[in-house]
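Please take a look first, and then read on.

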Amino acid sequence: MSFGPFLLLALMEGLVSAAVLALMASGLSLVFGVMRVVNVAHGAFFMTGAVLAWFVAGHVPGPPVVGWLVALIIVPPLVGLLAAAVDVLVLKRLEYEPEAVIVATIGLLYILEQVALLSFGPDARPVAAPFSLRLQLPWFGYSGYKLFVVAAAGAVLLAVWLVMTRTRFGLVMRATQVDRVTARAFGINVDRVYAGTFGLGAALAAVAAVLVVPTTQVHYLMGGDPLLLSFITVIIGGLGSLRGTLVAALIIGLSDGVISMFWAPTLSKIIATLLVALVLVFRPQGLFGAKA
Amino acid sequence: MKTTLTGIAPSRRAVLTGMGAGLIAGSAGLVRPVWAQAAPLKLGFQLHATGIGASYGRWYQRTADAALKKINEAGGIGGRPVEIVYEDDGTDPARGAEVVDKLNSQHGCDLIFGTLFSHVVMGSAPRAGELKVPYLVCSEGYHVASGALNRWTLQPGITDVRSQISSMAPWVAGNLGKKVTMFFPDYAFGYDHRDFFTKAIEAQGGQVVAQIAIPPTETSYTRYFAQIPAETEVLYHVMVGPGVLTFVKELGEFYGSGAKPQLFGFIDSLEAVDTATPGLEFLEGSHFWEAHPRVKPADAGAAEGDYRAAVGVDDNGASVADAKDVATYSHMFSAWETLHFIKQTVEASGYAGVADRQKLVEAMEAVTDLPYGIERPQGAKVFNGKTHQAFGSQNISKVEGGKLVKVHTTTIDEGKYDDGVDYTTMSF
């Protein structure tokens with residue numbers, strides 16, 4: 001394959017991973033920004049979303065698109081509710097002590113994974129794509145659904161941004177992020193904001209999962225890699241900064257696509273990790289993060 | 001961590017009595033033969049119950065349980081009842097070594113068997129050697145016959161990758177094409193494929209035109225397809241991991257209905273996966289290596305039906321209880337055959353207790369012929385006591401109408417190669 005199409009394919013692949021990564025990482029970033037805690041179970045929420053999507057899609061009669069749409073509508077709120085419950089029942093009782101939250105969410109990660117193993121089983125299972133459009137380019141074919149994933153992720157991120165900047169809930173969240181004591185003094189129910197934020201973060205991971213499962217498979221260990229990449233993205237972009245997360249996701253996704261195609265996939269992981277180290281040394285708040 | 005005892009479900013009284021007997025025996029400082037004969041033979045099973053090997057682990061356990069039931073119903077081993085102690089290793093090498101320790105020291109198992117994933121074997125075998133406990137693996141890796149392990153590690157129930165590949169290469173070159181692009185996982189198991197197939201196809205006048213290593217955690221493959229040279233006649237793919245469905249689906253999207261190379265794969269990619277899964281249509285007409293054909297062939301041997309009934313697998317290779325639960329059929333027979341190998345050699349050596357372990361390994365090394373029968377439903381095997389490795393026939397199947405149909409069977413001799421080691425000259 002000649003250079004032009006090769007680069008095009010690399011960029012398309014990179015764009016798809018960037019889109020999914022942006023969705024995942026924005027959930028993680030939101031939780032850290034508002035609550036100042038690290039959610040290690042973020043990947044497990046992603047996996048739970050995928051397992052639920054598989055379950056829902058398999059139990060809705062009719063063409064695949066119906067089952068998938070139903071999954072897209074009900075799975076993220078379900079995962080969000082689960083996360084909100086975890087927040088109220090566990091994290092709140094730990095008083096959001098950062099170290100304790102890390103340990104608690106590691107525990108949650110194991111619980112979710114083992115529940116999936118016991119109920120869903122160890123096999124990888126597919127979810128049918130809502131439509132099977134195949135784009136035939138002169139040099140190679142490409143999945144139309146993957147391009148749809150990019151557009152859908154963009155739309156969801158836009159919606160999150162609108163919620164954060166244009167709604168009362170977003171205002172309250174930003175107020176809590178800036179200063180939770182003052183926010184409480186102004187009559188904001190910080191407990192409810194925290195539960196809502198933690199739920200929203202997990203729901204974003206679940207949206208990413210429902211979008212991505214038709215191009216991959218549901219597996220009970222599928223949350224590991226996305227979690228790692230989300231952390232890398234969030235650190236590079238700046239914890240708590242949605243704009244930084246988006247830019248970092250694009251950098252990592254596209255460079256991963258190009259580097260892994262022209263050189264080796266392992267090299268792109270090495271470079272991403274190196275980037276994290278450099279950012280931590282020279283700009284600890286991340287590219288777009290505010291100084292703590 | 002789950003520990004399960006099966007075969008004999010002891011009552012509380014039996015356990016207490018046993019513990020009492022154990023205490024007395026322990027305080028006496030020796031186990032008298034008369035007691036040892038009455039006590040059950042305890043076999044440790046290193047099980048991939050969780051982690052990436054969990055699909056395999058579930059079927060290995062079912063198969064071993066079925067073999068155990070059959071053996072106990074026929075009077076056990078050497079007149080002693082048999083127990084299997086399952087211990088989960090999480091498909092993790094570090095945990096694997098601990099499991100070997102636990103099965104040996106805590107559960108007091110007579111020997112350990114059942115490990116599949118090669119990195120777990122590599123992590124555990126040295127510990128088995130230090131503890132001087134017979135360790136019978138079911139892993140296909142060439143690491144046993146290559147001489148990388150030790151006198152206590154044997155592989156009597158399944159052939160190794162090198163043997164499988166060298167018997168496949170002539171057929172691939174003769175029927176599919178001579179210019180091959182390889183996809184293999186980027187770790188030891190994949191390197192065995194890369195090295196031995198490249199050599200084997202060159203011996204047939206063919207050539208590997210590209211070697212594409214895939215990291216084990218990869219979830220998207222389209223980016224690698226651009227590296228496939230246009231001259232490629234055959235795509236050789238072997239990948240173990242949950243990503244395989246995506247691999248095939250994306251390959252289908254990439255090539256579409258246009259011209260495409262022939263596909264030859266190892267069934268490891270599709271163990272526990274239904275070949276009729278939506279999205280796998282691209283596999284139609286492609287070929288697979290199978291150790292033990294998943295779909296019962298028309299010319300299957302006499303033992304095939306009985307074996308399938310015993311392990312609860314139907315003629316399509318799925319669980320009789322759930323047609324969607326597809327077996328890891330080309331691997332799980334090794335748990336069955338290894339258990340029968342244990343029975344044969346424990347009885348031949350007159351093994352009575354852990355003091356006889358060395359005698360047991362020597363008896364195993366003395367085995368040569370392993371004829372076809374219900375003990376070896378996959379087929380007859382020849383055991384090489386020097387390299388600790390079994391050799392057997394291989395099969396090639398073609399996907400027709402979403403089903404794997406056997407089209408070719410190799411002879412045992414086609415898979416033989418020169419000895420790489422003589423373990424019998426090593427000390428215990």
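## A covered strand

Strand β10 (residues 262–266) of chain B is mostly covered, with four of its five residues buried. Buried here means that 20 or more other C-beta atoms, placed from the backbone, lie within 10 Å of the residue's own. Strands are DSSP runs of E of at least two residues, helices are runs of H or I of at least four, and both are numbered from the N terminus.

This is a predicted model, in which local features need pLDDT of at least 70 and side-chain atom pairs count only at pLDDT 80 or more, while totals for chains, interfaces and linings use all residues. Residues are numbered from 1 along each chain as its sequence is written, and chains are lettered from A and ligands numbered from 1 in the order in which they are written.

## Neighbours of the strand

Which strands pair with β10(B)? One is β9 (residues 234–237) of chain B, parallel to β10(B) over four bridges; pairing requires that DSSP finds at least two bridges between the strands. Here B:L235 has B:L263 as its bridge partner.

Another is β11 (residues 287–290) of chain B, which runs parallel to β10(B) and is joined to it by three bridges. In β11(B), B:W289 stands opposite B:F266.

## Two packed helices

Helix α4 (residues 93–106) of chain B packs against α5(B) at an angle of about 35°, and their axes are 7 Å apart. The axes are lines fitted to C-alpha atoms over the stretch in contact, and angles run from 0 to 180 degrees between N-to-C directions.

Among the residues making the contact are B:V100 and B:N104 of α4(B), and B:M122 and B:R127 of α5(B). Residues are in contact if their C-beta atoms, placed from the backbone, lie within 7 Å. By class, this contact has eight nonpolar, five polar and two charged residues. Nonpolar covers Ala, Val, Leu, Ile, Met, Phe, Trp, Tyr, Cys and Pro; charged covers Asp, Glu, Lys and Arg; the others, Gly among them, are polar.

## Domains of chain B

Chain B is divided into domain 1 (3–159 + 331–391) and domain 2 (161–290 + 393–415), with bounds from an automatic or database domain assignment. In chain B, 14 residues of domain 1 are in contact with 13 residues of domain 2. On the domain 1 side, α3 (54–73) and α5 (118–131) of chain B each give two or more residues.

## Between the chains

How many residues does each chain bring to the contact? Chain A gives 29 residues and chain B gives 24. On the chain A side, α1(A) supplies the largest share, five residues.

Terms used
Contact = placed C-beta atoms within 7 Å. Buried ≥ 20, exposed ≤ 12 C-beta atoms within 10 Å, placed from the backbone.
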